[in-house]
Amino acid sequence: MKKSIKKLLALTLTGAFLVGALAGCGKSGEDDKTITVAASATPHAEILEYAKDKLKEQGYDLQVTVFDDYVKPNEVVESGDFDANYFQHVPYLESFNEEKGTHLAVAGKIHYEPFGIYPGTKKSLDEIADGDSIAVPNDTTNEARALLLLQDNGIIKLKDGAGINATVNDIAENPHNVKIVELEAAQVARVVDETAFVVLNGNYALAAGFSVGKDALAYEKSDSEAAKTYVNVIAVKEGNENSAKIKALVDVLKSDDVKKYINDTYDGAVLPYEE
């Protein structure tokens, strides 16, 4: 008799567990109105915080969690613990998928952080002279962006197809015989008194006291190859790109109101991506 009772209790508890588990897997109407996003602190989480009220008007509760690494935000989206993340550009996402076997997809392209050419000993690109030196970051990604920006402004010309993998070895034409000074990214701004120009990303420019909007002599435009490549995205697990709440999130982040917030807040260090 005791064995029968124990067996019946075990079956009852197992059934209850399964029902609970299945209920947990389903999305109630209330859950569908909650959007959980893993983000980097600046500017991503700040932009999301600004977007909260707009999403609330549409009945969505946007919940933002800040992460200080570039691995966990992808893992929690892959696992389904979060609906989306906002911290990375497309090359990183694709590399992460390849290396980790994850299934992350782009749901929306939101902003980019432009490289700019800043004054050193020369205050205008029109002043460039034969033999001038220009400092650029020496890491693969950032050097290519710097060289592409110099090309876009007629200072050098790269070999056909060099693109986002360009190095100084890909310079095909150098009409001013400029010397490209390759330095660690954090060191580039320190040679403004020694080189004609320096090429910096938005964060290092701000750290050096440059106003991207006021001081950059030229910067990556939204239709540039680099901007298109390194645009920061809302990423989700494959198959969720067109869910109602993700579409609502992306639409708000691409709205004119949020674009204005980005432009007003970051002084050109962060720019809305225009497709």
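Guide: Start with Asp-83. Its relative accessible area is 16%, so Asp-83 is buried. Buried means under 20% relative accessible area, exposed means over 50%, and partly exposed lies in between (1.4 Å probe, protein chains only).

A word on the basis. This is a predicted model: local features need pLDDT of at least 70, side-chain atom pairs count only at pLDDT 80 or more, and totals for chains, interfaces and linings use all residues. Residues are numbered from 1 along each chain as its sequence is written, and side-chain values use heavy atoms, with hydrogens and water left out.

Now the partner. Asp-83 forms a salt bridge with Lys-245, and the closest N and O atoms are 3.2 Å apart. Asp-83 sits in the loop between α4 (72-78) and β3, while Lys-245 sits in helix α10, so the pair ties together parts that are 162 residues apart in sequence. Helices (H or I, at least four residues) and strands (E, at least two) are DSSP runs, numbered from the N terminus. A salt bridge here is a side-chain nitrogen of Lys or Arg within 4 Å of a carboxyl oxygen of Asp or Glu. Side chains of opposite charge can pair when their charged atoms come close. Lys-245 has 10% relative accessibility, so Lys-245 counts as buried too.

Look next at the helix that holds Lys-245. Helix α10 covers residues 244-253, and seven of its ten residues are buried. Among them are Ile-246, Ala-248, Leu-249 and Val-250. Val-252 and Leu-253 are buried as well.

Go back to the Asp-83 side. The loop of Asp-83 runs between α4 and β3, so β3 is the next stop. Strand β3 (84-89) is joined to β12 by four bridges, and the two run antiparallel. Two strands pair if DSSP finds at least two bridges between them. Strands of a sheet pair through backbone hydrogen bonds, either parallel or antiparallel. In this pairing, His-89 stands opposite Asn-232 in β12.

Strand β12 covers residues 232-237 and is mostly covered: five of its six residues are buried. It has another partner. Six bridges join strand β4 (residues 104-112) to β12, again antiparallel. Val-106 stands opposite Ala-235 there.

His-89 and Asn-232 lead on to a pocket. They are among the residues nearest the centre of the largest pocket, along with Tyr-70, Phe-87 and Glu-113. A pocket is found on a 1 Å grid over the protein atoms alone: it is an open set of points with protein on both sides within 12 Å along at least five of seven lines, whereas a cavity is a set of points where a 1.4 Å probe fits but cannot get out. Lining residues have an atom within 4 Å of a point. Points are joined across faces, edges and corners, and the volume is the space filled by probe spheres set on the points.

The largest pocket holds about 530 Å³. Its lining has 21 residues. These divide into six nonpolar, ten polar and five charged. Ala, Val, Leu, Ile, Met, Phe, Trp, Tyr, Cys and Pro count as nonpolar, Asp, Glu, Lys and Arg as charged, and the others, Gly among them, as polar. Strand β3 supplies at least two of the lining residues, and so do α3 (41-57) and α6 (140-152).

A search of the whole structure finds one cavity of 30 Å³ or more. Arg-145, Leu-148, Leu-149 and Asp-152 are among its lining residues, as are Glu-220 and Ser-224.

Helix α3 carries another salt bridge. The total count is nine. Lys-54 pairs with Asp-257, with closest N and O atoms 3.8 Å apart. Lys-54 lies in α3 and Asp-257 in helix α11 (residues 256-266), so this pair ties together parts 203 residues apart in sequence. Lys-54 is partly exposed, at 32% relative accessible area. Asp-257 is also partly exposed, at 27%. Compare the pair we began with: Asp-83 is buried, and Lys-245 is buried.
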